[in-house]
Amino acid sequence: MVRNSITSKLETLPTGHSDRIISMRLPLESKQHLTLFSVYAPTLMADPADKDRFYSDLRRLLNNTPANDKVLVLRDFNAIVGRESEAWKGVLERHGIDDCNDNRNLLLEFATEHQPAITNTIFHQKDRLKTTWMHPQSKHWHLLDYVLVRQRDLKDVLHTRVMPSAECHTDHRLVRCKLQLQFKPKPKKKGNPIKKLNVDSLCREEVKIKFQANLQQRLDESPCTDDTTPHTLWENLKSAILKTSTEVLGHIKKKNKDWFDGNDKEIQELLARKRAAHQAHLAQPTCLVKKTTFRHACSTLQ
């Protein structure tokens, strides 16, 4: 999901390169750009050929990215990288998680080659603010979802952490990375804004009768002219229609476009009930009653 305020600044649409990689390029100030890659790496049990193909595609895309672009690679890498910061200097910092799996070498070798840093391991914080996925059998939490930036752009990263309370309809926790970036301002529209006539009011019989009467009166009172060319006749008719429409119909007033305003109170109550059920489920994830209550709250809200 991308905020509407950001989509209006896009120069090109997001591009899907495969079923595992999608990219988006955002304009920044000073003629810079941010290229964002959202990825889903093969799982630990996947075919090694699929893993090699994924990282080959990602390498090719990064090689084709302009050298001056800021790069952000994020989402599910299905790799547990551990905390051997001395062995992977510049790529891995000392605030990682202890365990690791076989996929970590693929990610760390890729990061060493292209010089991105794993921002999840930079900040000192509790493990519950780092881990993103719980193994369904062992019930152990692991760090699988990462945010990678080029090492030269680490100064732009303010914080990377997990949002444990966020509910995203997935078994992975939401990872939030705060960056200090300035988007290119949207060019201002020149000239006066176009006002729209309230033509829907013509559906009312009394408004339609008044509009017809005023238009007829204005046409009858229009000065006679010797110029009977089609252009002149059209300009006189157009002027009469516009003036009558403005006088009788008026202009549309800008309204809040939020579709849920009419049911705001009911929706807020459902959201509060869902949040309470989600918090109870997080407190006791193995409790079937709380899990069922949370799912019921989700389905009711939808």
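Thr-15 has its bridge partner in strand S2, namely Ser-23. That pairing belongs to S1 and S2, which run antiparallel over 2 bridges; two strands are said to pair if DSSP finds at least two bridges between them. Helices (H or I, at least four residues) and strands (E, at least two) are DSSP runs, numbered from the N terminus. Please keep in mind that this is a predicted model, where local features need pLDDT of at least 70 and side-chain atom pairs count only at pLDDT 80 or more, while totals for chains, interfaces and linings use all residues. Residues are numbered from 1 along each chain as its sequence is written, and side-chain values use heavy atoms, with hydrogens and water left out.

**The sheet and its first hairpin**

- S2 is largely enclosed by the rest of the structure, because 5 of its 7 residues are buried. Here buried means under 20% relative accessible area, exposed means over 50%, and partly exposed lies in between (1.4 Å probe, protein chains only).

**Strand S3 and its two neighbours**

- Strand S3 (residues 33-40) is mostly covered, with 7 of its 8 residues buried.
- On one side, S3 pairs with strand S2 (residues 21-27) in the antiparallel sense over 7 bridges.
- Within that pairing, Met-24 has Leu-36 as its bridge partner, and Ser-23 stands opposite Phe-37.
- S2 and S3 form a hairpin with 5 residues between them, and Ser-30 in the turn has a positive phi of about 60°.
- S3 also pairs with strand S4 (residues 70-76), this time in the parallel sense over 7 bridges; there, Ser-38 has Leu-74 as its bridge partner.
- S3, helix H2 (residues 48-63) and S4 make a right-handed β-α-β unit. A crossover is right-handed if, with the strands pointing away from the viewer, the path from the first strand over the helix to the second runs clockwise.

- Pro-42 is found in the loop between S3 and H2.
- With a relative accessibility of 2%, Pro-42 counts as buried.
- Leaving aside residues up to four places away in sequence, Pro-42 touches Arg-20, Asp-50, Lys-51, Phe-54, Phe-77, Asn-78 and Asn-103; a contact means heavy atoms within 4.5 Å.
- Pro-42 and Lys-274 are 232 residues apart in sequence, and their C-alpha atoms are 32 Å apart in space.

**Aromatic rings**

- Rings of Phe, Tyr and Trp (its six-membered ring) pair if their centres lie within 6.5 Å, with planes under 30 degrees apart counted as stacked, over 60 as edge-to-face and the rest as tilted. The count by this rule comes to 3 aromatic pairs.
- Phe-54 and Tyr-55 make an edge-to-face pair, because their ring centres are 4.9 Å apart and their planes stand at 80°.
- Phe-54 is buried at a relative accessible area of 3%, and Tyr-55 is buried at 4%.
- Ring pairs link Phe-54, Tyr-55 and Phe-110 into a cluster.
- Elsewhere, Arg-173 lies over the face of Trp-141, at 3.8 Å from the ring centre. The rule asks for NZ of Lys or CZ of Arg within 6 Å of the ring centre and within 35 degrees of the ring normal.

**Helix H5**

- Helix H5 (residues 230-248) has 19 residues and reaches 27 Å from its first C-alpha to its last, close to the 27 Å expected at 1.5 Å a residue. That expected span is 1.5 Å times one less than the number of residues.
- Thr-232, Ala-240, Thr-244, Ser-245 and Val-248 are buried in H5, and the buried residues of H5 pack against helix H4 (205-221).
- After H5 comes Gly-250, with a positive phi near 75°.
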